[in-house]
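Morning, everyone. Please look at the model on the screen, and keep the sequence beside it.

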Amino acid sequence: MPYDNLENVKTENRDGVLVVTIDRPKVLNALNAQTVREIGRVFDEARDDASVRAVVLTGGGEKAFVAGADINELAKMDPISGKRTSEIGQDILLKIERFPKIVIAAVNGFALGGGCEIALACHIRIASEKAQLGLPEVTLGIIPGYGGTQRLARLVGKGKALEIICTADRVPAAEAERIGLVNKVVPPDQLMSTAEEMARKIASRGPVAVRCAIEAVMNGSEMPFEEGQFLEATLFGLLCSTEDMKEGMNAFLEKRAANFKGK
Ligand code: CO8
């Protein structure tokens with residue numbers, strides 16, 4: 001059965017929105033190897049689960065989204081295991097970034113190190129007013145190893161990224177919103193409802209169109225502009241062959257809500 005036998009990750013399908021909770025609250029949801037594997041498994045299974053139309057990713061407990069990789073495990077790493085662990089995490093975060101349905105991070109508290117990197121891999125980030133984000137790896141004598149050096153620089157620019165990475169300062173939610181690190185900040189008691197509402201709104205749009213929009217933005221932004229536009233035109237053409245396109249256009253002309261089938 002999907003999502004069975006998970007120890008550190010909880011899932012709940014709330015009317016098409018899969019709420020995925022990274023849940024080791026005693027250690028502020030720190031990512032040990034097992035937790036990273038379980039996150040990967042959940043995204044693999046949710047990809048093919050037709051009942052899942054969007055994902056909201058959050059942290060268990062009151063204090064943290066995820067306070068980083070588990071430092072007890074990091075402390076024992078040698079060059080070979082360090083590289084391999086970094087690669088495994090990078091693959092799983094790429095899975096999140098390339099996920100064909102929208103993934104929203106609901107950042108409920110500390111999102112540090114690997115936790116900030118997971119949030120960066122999500123398509124959209126909504127933060128509680130209490131949240132603090134940051135990449136404190138240099139305080140431990142390492143650098144971000146789950147794609148953070150690359151994604152943060154692409155999101156906020158190289159100068160800001162280097163300031164955040166090299167000072168290791170935590171970025172409070174309001175400042176994170178100002179620099180574009182999170183999309184929106186809301187009071188803590190509205191975090192999940194805001195994230196779920198946005199996920200549900202996106203899930204009500206044409207699913208194939210949303211999938212193509214994710215591909216165009218996420219893949220296209222890594223390409224030269226002209227190739228990105230080529231990808232956009234190709235996906236646009238592809239969408240013109242879908243039942244959803246006919247349904248969306250007919251619904252508009254007939255002044256009714258569209259009933260998309262995802263085909
Ligand atoms: N790993 C393991 N345990 C942790 C972690 C962590 N990252 N973060 C917190 N904990 C534990 C604490 O040790 C403590 O355990 P205990 O109760 O047994 O003492 C418990 O969680 C509660 O934490 P605190 O008492 O420290 O709570 P505070 O509210 O005082 O402080 C902080 C909260 C500021 C979040 C603080 O816990 C902290 O600084 N945590 C570490 C943050 C950090 O440095 N994260 C980055 C880790 S490095 C990383 O993520 C690299 C990612 C790339 C890896 C690449 C693959 C190799």
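First, a definition: a polar contact is a pair of N or O atoms within 3.5 Å; within protein, one must be able to donate a hydrogen and the other to accept it, and residues adjacent in sequence count only if both atoms are side-chain atoms.

Two sentences on the ground rules. This is a predicted model, where local features need pLDDT of at least 70, side-chain atom pairs count only at pLDDT 80 or more, and totals for chains, interfaces and linings use all residues. Residues are numbered from 1 along each chain as its sequence is written, and side-chain values use heavy atoms, with hydrogens and water left out.

Now the ligand. A backbone N or O atom of Ile-71 sits 2.9 Å from a nitrogen atom of the ligand. Ala-67 places a polar backbone atom 3.0 Å from a ligand nitrogen atom. Lys-63 uses its side chain: a polar atom there lies 2.6 Å from an oxygen atom of the ligand. How much of the ligand does the protein bury? The ligand taken alone exposes 1100 Å², and the protein buries 66% of that. Those areas come from the Shrake-Rupley method with a 1.4 Å probe; for residues, only the protein chains shown count as cover.

Who is in the shell? There are 27 residues around the ligand, and Lys-63, Ala-67, Ala-69, Ile-71 and Gly-114 come nearest. Near means that one heavy atom of the residue lies within 4 Å. By class, that shell holds 13 nonpolar, eight polar and six charged residues. Ala, Val, Leu, Ile, Met, Phe, Trp, Tyr, Cys and Pro count as nonpolar; Asp, Glu, Lys and Arg as charged; the others, Gly among them, as polar. At least two shell residues come from each of α2 (71-74), α3 (79-97), β6 (110-112) and α4 (114-121). Those labels are DSSP runs, numbered from the N terminus: helices are H or I with at least four residues, strands are E with at least two.

Next, the aromatics. Rings of Phe, Tyr and Trp (its six-membered ring) pair if their centres lie within 6.5 Å; planes under 30 degrees apart are stacked, over 60 edge-to-face, and the rest tilted. By this rule, there is one aromatic pair. Phe-43 is in helix α1 (residues 33-47), Phe-99 is in the loop between α3 and β5 (103-107), and 56 residues separate them. Phe-43 is buried at 2% relative accessible area, and Phe-99 is buried at 1%. Buried means under 20%, exposed over 50%, and partly exposed in between (1.4 Å probe, protein chains only).

Cysteines now. How many disulfides are there? Zero, in a search of the whole structure. A disulfide needs two cysteine sulfur atoms within 2.5 Å. Cys-122 is buried, at 2%. Cys-240 is in no disulfide either; the nearest cysteine sulfur, in Cys-212, is 10 Å away. Cys-240 is partly exposed, at 36%.

Last, the backbone. Most residues other than glycine have a negative phi. Asn-5 is not a glycine, yet has a positive phi of about 55°. Asn-5 lies in the segment before β1 (9-14) and is exposed, at 74%. Lys-255, also not a glycine, has a positive phi of about 55°. Lys-255 lies in the segment after α11 (243-253) and is exposed, at 78%.
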